[in-house]
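Welcome, and please open the model in your viewer. We will walk through it one selection at a time.

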Amino acid sequence: MVLFQERNTLLQKSWAPCARTGFIEKINCAKSNKVEYKSCRSSQMDERLFWRFEGIMMCLTVVLVVIARQRTLDHLASEMVRRQILSI
């Protein structure tokens, strides 16, 4: 119970982004025997990273589709030229 109250007060004092989820990482240092708490990542930062990733993946998909379409069109054009040359 004391640990929970201590954690809860630490949460309220210094880690506002953790207030919604309540996640705090407890770090035990083996060399110095110190116990420290690391704040969680903010949900806004996670959301921003998610949308950035989605945007990058969408752009990459568009680029790959354009490249594939260009190759198809180039192949069709070369086939048309080949057929025209053979018909002469």
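Start with the aromatic rings: the structure holds one aromatic pair. Rings of Phe, Tyr and Trp (its six-membered ring) count as a pair if their centres lie within 6.5 Å; planes under 30 degrees apart are stacked, over 60 edge-to-face, and the rest tilted. Select F50 and W51: their ring centres are 5.0 Å apart and their planes meet at 70°, so this pair is edge-to-face.

While these two are selected, look at their surroundings. F50 is partly exposed, at a relative accessible area of 40%, and W51 is exposed, at 54%. Here buried means under 20% relative accessible area, exposed over 50%, and partly exposed in between (1.4 Å probe, protein chains only).

A word on how to read all this. This is a predicted model, in which local features need pLDDT of at least 70 and side-chain atom pairs count only at pLDDT 80 or more, while totals for chains, interfaces and linings use all residues. Residues are numbered from 1 along each chain as its sequence is written, and side-chain values use heavy atoms, with hydrogens and water left out.

Next, select residues 49-68. UniProt lists them as "transmembrane region" in an unreviewed entry; such annotations may be inferred rather than shown by experiment, and the positions follow the numbering used here, with feature names shortened. In the model this stretch is 100% helix and 0% strand, with its end C-alpha atoms 28 Å apart.

Now zoom out to the whole chain. Which order do its elements follow from the N terminus? They run α-β-β-α, making two helices and two strands. Helices (H or I, at least four residues) and strands (E, at least two) are DSSP runs, numbered from the N terminus. Buried residues make up 8% of the 88 residues.

Then colour by pLDDT, the predictor's confidence in each residue, from 0 to 100. The chain's mean is 79, and 68% of its residues reach 70 or more. Confidence is highest in helix 2 (residues 43-87), at a mean of 95, and lowest in helix 1 (residues 2-14), at 48. Over residues 1-6 the pLDDT is below 50, and beyond near neighbours in sequence this stretch has two contacts (heavy atoms within 4.5 Å) in the model. Where pLDDT is low, the predicted coordinates should not be read in detail.

For the last stop, select K38, found in strand 2 (residues 35-39). K38 is partly exposed, at 45% relative accessibility.
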